[in-house]
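Reader: I would like to learn how to read a structure feature by feature. Could we take one chain and work through it?

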Amino acid sequence: MDKANDLKGLYVEATKRMRTALDHAQHELAGVRTGRASVTILDAVHVEAYGSRMPLNQLAGLSVPEPALIVAQPFDPSQLGAIEKAIRASDLGLNPSNDGKVIRIPIPALTEERRKELSRHVHRLTEDGRNSVRQVRRDANDRLKKLMKDHKISEDDEKKGLDEVQKITDSHIKQIDELQRKKDQELLGK
């Protein structure tokens, strides 16, 4: 196998793995509640239904008719109670109510203290994301060093490779920083 393919494969794999870390961070952040209603905050809610635990969005249509309200419309009205119970039991601090047809989930305004707490949580999640990206960089750099040690690439190629891996890393870290900045802006209005 020639060195160009070795290096190209290494960049492709590093990029893919960093993208996975970025997507994971993005998904985790989507679940952090801000003051605005968003159906994604209910992604983690699973309901005991039909003998198993199912994601809420498979049992009900979710909509946001106004900024501080989510409405869950069960596909099967007999699941109304189970859905309401699952939302109440989640650690989201929500207090749903049902009128026999739909479940209304008011999104309470966040206190300043809760916003700061959520912001710290966001920072932990994004730091985990950055650490995952850095781990991929370490793995890629170790592979480059091994390729050079095994005389599959030259020192110049290794240096170019390290630079390229760093560029890929910087790009992904920057995107994670941007996710954090946006989430903090939603939470703290800064």
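Reader: Is Ser-90 buried or exposed?

Author: First, a caution: this is a predicted model. Now the general idea. A residue counts as buried under 20% relative accessible area. Ser-90 has a relative accessible area of 18%, so it is buried.

Reader: Where is the place of Ser-90?

Author: Ser-90 sits in the loop between α2 and β5.

Reader: Let us step back. How many helices and strands are in the chain?

Author: The chain has 4 helices and 6 strands. Read from the N terminus, the elements run α-β-β-β-β-α-β-β-α-α. The radius of gyration is 22 Å, well over the 16 Å that the globule rule gives for 190 residues, so the chain is more spread out than a compact globule.

Reader: What box do the C-alpha atoms fill?

Author: Along the principal axes, the box is roughly 70 × 40 × 25 Å. Of the 190 residues, 38% are buried. The accessible surface comes to about 11,100 Å², and 52% of that belongs to carbon and sulfur atoms. Now look at contacts with a separation of 6 or more: residues 24 or more positions apart account for 63% of them.

Reader: On to sheets. In what order do the strands of the open sheet run?

Author: Start with the general idea. Strands of a sheet pair through backbone hydrogen bonds, either parallel or antiparallel. In this case 4 strands form an open sheet, ordered β3-β4-β6-β5, with antiparallel pairing. β3 (60-66) and β5 (97-98) stand at the edges; each has a single partner strand, so one side of each is left without a neighbour in the sheet.

Reader: Which helix packs on the sheet?

Author: Helix α2, residues 80-89, does. The helix touches β3, β4 (69-74), β5 and β6. Its direction makes about 15° with that of β6.

Reader: Over how many bridges do β5 and β6 pair?

Author: β5 pairs with β6 (residues 103-106) over 2 bridges, in the antiparallel sense. For a residue pair, take Ser-97, which stands opposite Arg-104 in β6.

Reader: Which strand pairs with β1?

Author: Strand β2, residues 52-55, pairs with β1 over 4 bridges in the antiparallel sense. Glu-48 stands opposite Arg-53 in β2. The two strands, β1 and β2, form a hairpin with 2 residues between them.

Reader: What does the side chain of Thr-111 reach?

Author: It reaches the backbone nitrogen of Arg-114, at 3.0 Å. Thr-111 lies in the loop between β6 and α3 (112-149). Its relative accessibility is 48%, so Thr-111 counts as partly exposed.

Reader: Now a threonine within a helix. Which residues does Thr-126 touch?

Author: Leave out residues up to four places away in sequence, and Thr-126 touches Leu-29, Ile-176 and Gln-180. Thr-126 lies in helix α3. Its relative accessible area is 0%, so Thr-126 is buried.

Reader: Last, distance in sequence against distance in space. How far apart are Lys-146 and Glu-158?

Author: They are 12 residues apart in sequence, and 9.6 Å apart in space from C-alpha to C-alpha. Lys-146 is in helix α3. With a relative accessible area of 51%, Lys-146 is exposed.

Definitions and conventions:
Residues numbered from 1 in each chain as written. Predicted model: local features only at pLDDT ≥ 70, side-chain atom pairs only at ≥ 80, totals over all residues. Heavy atoms only, no water. Pairing = 2+ DSSP bridges. Contact = heavy atoms within 4.5 Å. Axes fitted to C-alpha atoms, helices over the stretch in contact; angles between N-to-C directions. Buried < 20%, exposed > 50% of the residue type's maximum accessible area, 1.4 Å probe, protein only. Rg over C-alpha atoms; globule rule 2.2 N^0.38 Å. Areas by Shrake-Rupley, 256 points an atom, 1.4 Å probe, with all protein chains shown as cover. Polar contact = N/O pair within 3.5 Å; in protein donor to acceptor, adjacent residues only side chain to side chain.
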